[in-house]
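Visitor: I am new to this structure. Please show me how to read it, one feature at a time.

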Amino acid sequence: MRTITLDAVRNIGVLAHVDAGKTTLTERVLYATGSTYKRGEVHDGTTVTDFDPQERDRGITIFAAAVTCTWDGHRVNLIDTPGHVDFSDEVERSLRVLDGAVAVFDGVAGVEPQSESVWRQADRHGVPRIAFVNKLDRAGADLDDAVESIRTRLHAVPLVVQLPIGAEDGFRGVVDLVRLRALVWDDDGMTEGPVPEALLAEAQRRRRLLEEAVAELHPDAVEEFFAGGLSEETLENALRELTLQGNGTVVLCGSAYRNRGVEPLLDAVIAYLPSPVDVPPVRGVDGEEREADPDAPLAALVFKVNSTATGRLAYVRVYSGTLHKGETVLVAGRGERIGRVLRVQADRHTPVDRAVAGDIVALVGLRSARIGATLCAPDAPLLLEPPVSAGPVVSVAVEARTSADNARLAEALAHLVDEDPSLQVRTDPETGQTVLSGLGELQLEVAVQKARTSHRVEISMGRPRVSYRETVASGVTGFVHRHVKQDGGAGQFAHVVIDTEPLETGFEFRCTVTGGRVPREFVSAVEQGCRDALAEGPLGHPVTGLRVTLTDGSTHVKDSSEMAFRTAGRLGLREALKAGATTLLEPIAEVAVTVPEEHLGGVLGDLASRRGRILGSRARAGEAVVTASVPLAEMFGYVTALRSRTQGRGTFTSTPAGYAPA
């Protein structure tokens, strides 16, 4: 078996809205590459990547799963990511370690709410991607409509490189507009041939449109375009460069369920998406860079942790250097020995002796490695920027059914937080209850069920509650606070004068003190004290949307210290917030409800009763899609109410839309 070089490696993710066909596409990729001998089906619970019992029961992807396959002499490390909004943190952590992505769109629905969310996440991480319009065999599927939604809703520049052969149930292949060849699938597989006579003129017209679009975006292609058109080689090179730069998105199409369009998609992954050597060097928080070189000092990032029956697995992306089984690496400032290195195939693992730059592998033996931890060589330390988890918006109280299970409940919750940093556990100071918080109702249900099955502990779960915030409705000017404390020995003295005012979002601290009346080191202490005070406002919730300005103050020659000014900042801001006016904010969800047209009236009335604000509606193939902004607290149990009103035919998706006054 020949050694695969770095430029022949692709680390990609599959991104999409829930039920767009990500997992089915991943299964067909594994089948096409010879990694599996049988095609797994989501509805049968036989897929490789949805191996968790809850995933198979619910029919959705919950946990990001990594698999490895080979195609045309290239190794493809592929991560199948969740499509449900409650598990968007899994997508965030996956994108942190990926070089490229395939965005999957439903050929009927086009761009959907979570499609936009994952696209924006990929934008933030600068991940190049290509698009695959799936389900072209469904009634109402239209490639042109889907492409237009990509252009208008994602503000991307789609570069369509295929033309469908047949429509809806008659969809049987595509015309490759780059090579002007027809690819047709039947029960025996794919066959390649000339473009059908009936489609030749349309294929040539679309090829010309593709060349025009590329020439507009790629300056090196302009001259050749006006000289008579782009050659196949020039077109492919230009498409690759535009994809890597993020200036264009190559669009392919097919039907993963019917195994049509998978092979050209794999060819496009190899041709257009980057290898580890095509992406910028990884950069540490101190600015040091490491090239993707197996001979460079080791740098790797833990992006997923999984506790299994055989031990704790840490999934890592190796950015530079080489990891050997049995060697000692630096993790969070301490040396740890790598027990085993495993090549990952969802829930199956193959031991290997080493992993080199560009690999995604699982490691056994790292006890202190948390998600976001950096692995580096002891003689060449480096700290990489960890993935950022979103703040929780939904909470439930959890308790063990019997006091004998309290210890097992604490252990189960610790494992949940270890595996998913977007979950948080705290004890309510008023009730003494254990509170589990996360990104959504479904995420909390899944987490509690996992604790029940994995740790065999009976858990009672309370009704979900949302996380409220406070903001300043009207501030105060010239608020004076003196912190004076004298209890023997050196005392504490700090005098601050602050202004508070509303801010659109977040927190901002400014200082306008002149003449050195408050030294610089004490100004920083005041800011830190103000940040401490944001944890709980007058109404008992975290404070956001606030600007604080330190306008004056004074010090004592002996008794002033950073601690005294930090205390003054904290207590002073608390009193200033009480002196002003604060407003309670509640989390808002943007909901897209799809219902048969005959049930539209009842659904609109139900949304209005939930304090929903209708943003728009559109008709689509006998259905109505209603978009509304609804307080998250009103959405608990909505799936049951919607099914009841629509005889089980209604569906909805929800995405966070920030906070609004309650």
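Visitor: Leaving aside neighbours within four places in sequence, which residues is Thr33 in contact with?

Guide: First, the ground rules. This is a predicted model, where local features need pLDDT of at least 70 and side-chain atom pairs count only at pLDDT 80 or more, while totals for chains, interfaces and linings use all residues. Residues are numbered from 1 along each chain as its sequence is written, and side-chain values use heavy atoms, with hydrogens and water left out. Now the term: contact means heavy atoms within 4.5 Å. By that rule, and with neighbours within four places set aside, Thr33 is in contact with Cys69, Thr70, Trp71 and Leu266.

Visitor: Where is Thr33 found?

Guide: Helices (H or I, at least four residues) and strands (E, at least two) are DSSP runs, numbered from the N terminus. Thr33 is in the loop between helix 1 (22-32) and helix 2 (53-58).

Visitor: Does Thr33 count as buried or exposed?

Guide: Buried means under 20% relative accessible area, exposed over 50%, and partly exposed in between (1.4 Å probe, protein chains only). Thr33 has 13% relative accessibility, so it counts as buried.

Visitor: Which backbone oxygen lies 2.8 Å from a polar atom of the Thr33 side chain?

Guide: A polar contact is a pair of N or O atoms within 3.5 Å. Within protein, one must be able to donate a hydrogen and the other to accept it, and residues adjacent in sequence count only if both atoms are side-chain atoms. Here the oxygen belongs to Val29. Val29 is also one of the buried residues of helix 1.

Visitor: How many residues of helix 1 are buried?

Guide: Helix 1 is mostly covered, with 9 of its 11 residues buried. Among them are Lys22, Glu27 and Arg28. After helix 1 comes Gly34, with a positive phi near 80°.

Visitor: Now the sheets. What is the order of the 7 strands in the open sheet?

Guide: Strands of a sheet pair through backbone hydrogen bonds, either parallel or antiparallel. Two strands count as a pair if DSSP finds at least two bridges between them. The order is 2-3-1-4-5-11-6, and the pairing is mixed. Strand 2 (65-71) and strand 6 (158-160) are the edge strands, each pairing on one side only.

Visitor: How do strand 5 and strand 11 run?

Guide: Strand 5 (residues 129-134) and strand 11 (residues 249-253) run parallel, joined by 3 bridges. Phe132 has Leu252 in strand 11 as its bridge partner.

Visitor: At about what angle does helix 9 run to strand 5?

Guide: Axes are lines fitted to C-alpha atoms, for helices over the stretch in contact, and angles run from 0 to 180 degrees between N-to-C directions. Helix 9 (residues 262-272) runs at about 170° to strand 5. Strand 1 (9-16) and strand 3 (74-80) are among the strands that helix 9 lies across.

Visitor: Which strands form the open sheet of 4?

Guide: The order is 30-31-33-32, with mixed pairing. Strand 30 (479-485) and strand 32 (507-511) are at the edges with a single partner strand each, so one side of each has no neighbour in the sheet. The twist averages 30° from one strand to the next. Strand 30 and strand 31 (residues 492-502) run antiparallel, with 7 bridges between them. Val480 has Val497 in strand 31 as its bridge partner.

Visitor: Which strands does helix 13 lie across?

Guide: Helix 13 (residues 562-579) lies across strand 30, strand 31 and strand 33, at about 40° to strand 31. Helix 12 (residues 520-533) lies across strand 31, strand 32 and strand 33 (546-554), at about 155° to strand 32.

Visitor: Which backbone oxygens does the side chain of Thr471 reach?

Guide: Thr471 lies in strand 29 (residues 469-474). The Thr471 side chain reaches the backbone oxygen of Thr544 at 3.0 Å and that of Gly545 at 3.3 Å. At 15% relative accessibility, Thr471 counts as buried.

Visitor: Last, the whole chain. How many helices and strands are there?

Guide: The chain has 15 helices and 37 strands. The radius of gyration is 28 Å, close to the 26 Å that the globule rule gives for 662 residues, so the chain is as compact as a globular protein of that length. That radius is taken over C-alpha atoms, and the rule is 2.2 Å times the number of residues to the power 0.38. Of the 662 residues, 54% count as buried.
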